[in-house]
Amino acid sequence: MPGKLKVKIVAGRHLPVMDRASDLTDAFVEVKFGNTTFKTDVYLKSLNPQWNSEWFKFEVDDEDLQDEPLQITVLDHDTYSANDAIGKVYIDIDPLLYSEAATVISGWFPIYDTIHGIRGEINVIVKVDLFNDLNRFRQSSCGVKFFCTTSIPKCYRAIIIHGFVEELVVNEDPEYQWIDRIRTPRASNEARQRLISLMSGELQRKIGLKVLEMRGNAVVGYLQCFDLEGESGLVVRAIGTACTLDKLSSPAAFLPACNSPSKEMKEIPFNEDPNPNTHSSGPSTPLKNQTYSFSPSKSYSRQSSSSDTDLSLTPKTGMGSGSAGKEGGPFKALLRQQTQSALEQREFPFFTLTAFPPGFLMHVGGVVSARSVKLLDRIHNPDEPETRDAWWAEIRQEIKSHAKALGCHAVVGYSESTSICEEVCILSASGTAAVLNPRFLQDGTVEGCLEQRLEENLPAGCGFCHIPYDELNMPFPAHLTYCYNCRKQKVPDVLFTTIDLPIDATVIGKGCLIQARLCRLKKKAQAEANATAISNLLPFMEYEVHTQLMNKLKLKGMNALFGLRIQITVGENMLMGLASATGVYLAALPTPGGIQIAGKTPNDGSYEQHISHMQKKINDTIAKNKELYEINPPDISEEIIGSPIPEPRQRSRLLRSQSESSDEVTELDLSHGKKDAFVLEIDDTDAMEDVHSLLTDVPPPSGFYSCNTEIMPGINNWTSEIQMFTSVRVIRLSSLNLTNQALNKNFNDLCENLLKSLYFKLRSMIPCCLCHVNFTVSLPEDELIQVTVTAVAITFDKNQALQTTKTHVEKSLQRASTDNEELLQFPLELCSDSLPSHPFPPAKAVTVEKASPMGEGNFRNRSAPPCANSTVGVVKMTPLSFIPGAKITKYLGIINMFFIRETTSLREEGGVSGFLHAFIAEVFAMVRAHVAALGGNAVVSYIMKQCVFMENPNKNQAQCLINVSGDAVVFVRESELEVLSTQQPTANCQPSCPGGEVTT
């Protein structure tokens, strides 16, 4: 499908002064695509040139359109010397290649230079004309849509979910080529930026081809990462889930269905039934439900109220497991067989999704993970991807066999990551073993009668907790009880998963963020010895991280973890582990017992006293946490149930199986009442330290909740005020007598202080919840620890008490944004900083070029203010896949950007804080400009995938690489939607956004 690319350069503004004599600039523009370059005329002596060039036309193949970015370079014309570069803009053409996407990219783009940052802006218009060409051998994959979001995108419906797609491309890293010794830092940074955007284009095209082979039309949960392997090269790899999606066009689907946007937005896209109200959904028919499901009254009423208002919670197959008592046996077997055959055609039955259409997920087995340590200098031919492909295949194979051991045939919530230090590389993969419903995997395989039978026998809300593995030959020792919801099937006592909480799960109370943090010193060593040392440490680290998570979960009085993400990072002389997850109390799982401390060695009185004091502290903490997170499960007496409750076991500490990769961590027998508590044996000072560290975790201040999943379990009355932020903290350790304990304490303090500073800065948003808290830890060099956190703060309504203050805030926001309209191209940058409503002093209103450093933490707060009128075209940014109180009406394409920034005057720019702060602000500005140019007004599923920081304080130099991605969308506020639908009955919910240019 060859095409014609047309580009017009309209104007520039706020260019830097390049000619000292006249304090002006003689600017011209070079437009380059592939090997063709066009130049505009030189516009003499102006900082705001008006070029109004002709249309530059490039005739190209569509493969090139997918691979190559359009490069726009702004230069200053010098008569006698070489022309000076002002900066560049890279524009990704891919969004123009979809059938229903934008037709034109038009807007003001920041001109970016890797040394000076943003230097003015340029107004560009880009169009593409494609000619249809049905060549079977074509190498392009135009028309395949890419989404970063890890659930089926809103306003689409999944017809088939095909499965896992992955690809990896390798190239030489320009930083390590011989020519780098003679070229300028700017030239080498630009070579790197250009190469990476080329590689990611090629990667996306190759993955698109694989999807077309599978007969899909989209990739959901697309995750792309870079591995900077130093001399062995630069690897760009990506994974995703291929799907066939269908756009929901019915206007009814866009109208608000209930008061909880997050809930109802999750459900609409999966509405399988063409007319949703023909059959009523599970829990809303109490009589049928009551017969077999034991459901405590409190959670029961909450369940039915949520599903009455939703369109249709349950598709025809129902939700939970296919195991319905005794008579369900043969059907269960048949269902298994079908799913098995549907999945066996695939090499890897993995899914990068974390939230699913109702009915897709049947049972969850537990977390499966695999890690492997490799040496980069052992790669035979580094320029070819074979070796690395083999490495990943090996790890995926291991994950697949772990899932099989758990009686599961698929892995959901799957992700992959690497950590590289010099020549050692740790590859990690993890996911959640699960049993899936075959209905989404291929067209209509389940026969009608089976569907009916299944639907009658399915308990809602607890099916996914039922164990998929066979009770008699379990792969590891675990303690099972009958499900507390339906009393029919067995459930484990603790559940660890990497996915979001299923919509239909019954939760008691609220959730909370649980983190396990761990540092281990290792000796500095070379190559093989180093890799061996790391491999020996890994299993112990994983075990400790899991134990810590387990203890903290008990301490919170909860019994399940969702969104678990474990990172193990390797540095020159240490390894760090950071695990984050959201703890919840699932009604279907047994109540966790307390934690009991047992002392071993010394028998003197003071020691006993100390232990009993600790025990008292632990019990108090558990009680306090239960109150804080509102966990009060109803007591169940045995007489009512009349179904088997297993005998309490002896107090025993069951160890995990010999498998290194944490198949499932239901290690211990815990329960409540007559059953025994979790025993922590203290036999040395290390164990004492562990207990202390358990108790030092500070709960968030009142009015704050935090979680790392998309939505907070237990809160559903969100308001539309959201505030996204990214914060990076770098600390230097003193290298004197470092011990594991000191390291652990340092790392713990770093994370705790980072969270505290966030709570402090967001204090005006109370009551509020930090959602999607994403921590990444890296060890850029010796003695440096860098922690990056991106999250979004969403306020929620405690009985509408905030109404009055909010209207006042909105007025002041409007005032501030109109004042700044004339001053700056990105009024949003200023207005979100200088507003009285946000926790920043007024002195913070600095221009974008020089952002002020804030202490040692570099805090960037740049989310759009919630302006009431939609004319101010501020692009909202959020890491969530939805925007509270709004409907996403159109996806415009994926944003995937890579920036490098270098400085030789670190101290003058405000040190590490100032430098990083300004860079992150510029990245936000550039992402926003690209989305606005596509005609979008928000970025959802935003993620900063990498932030690599290197400094050389002696030379006053620093360099930082940032890679961000997200989905550009158009959204409409629900309040506007209602107005729209009353004005014109056939409202197709188009955005109320003027043409191509958004007023920023």
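Select strand 30 (residues 886-903) to begin: 17 of its 18 residues are buried, so the strand is largely enclosed by the rest of the structure. Buried denotes under 20% relative accessible area, exposed over 50%, and partly exposed the range in between, with a 1.4 Å probe and protein chains only. Strands (E, at least two residues) and helices (H or I, at least four) are DSSP runs numbered from the N terminus.

The model is predicted: local features require pLDDT of at least 70 and side-chain atom pairs 80 or more, whereas totals for chains, interfaces and linings use all residues. Numbering runs from 1 along each chain as its sequence is written, and side-chain values use heavy atoms, without hydrogens and water.

Proceed to the salt bridges (a side-chain nitrogen of Lys or Arg within 4 Å of a carboxyl oxygen of Asp or Glu). Display D113 and R186, which meet at 2.7 Å, N to O. D113 lies in strand 7 (residues 104-113) and R186 in helix 2 (residues 185-213), so the pair ties together parts 73 residues apart in sequence. D113 is buried, at 0% relative accessible area, while R186 is partly exposed at 23%.

Then select R732 and E951, a salt bridge whose closest N and O atoms are 3.3 Å apart. R732 is partly exposed at 45% relative accessible area; E951, at 13%, is buried.

Finally, select E166, E167, K210, R396 and E416, which are linked in a network of salt bridges.
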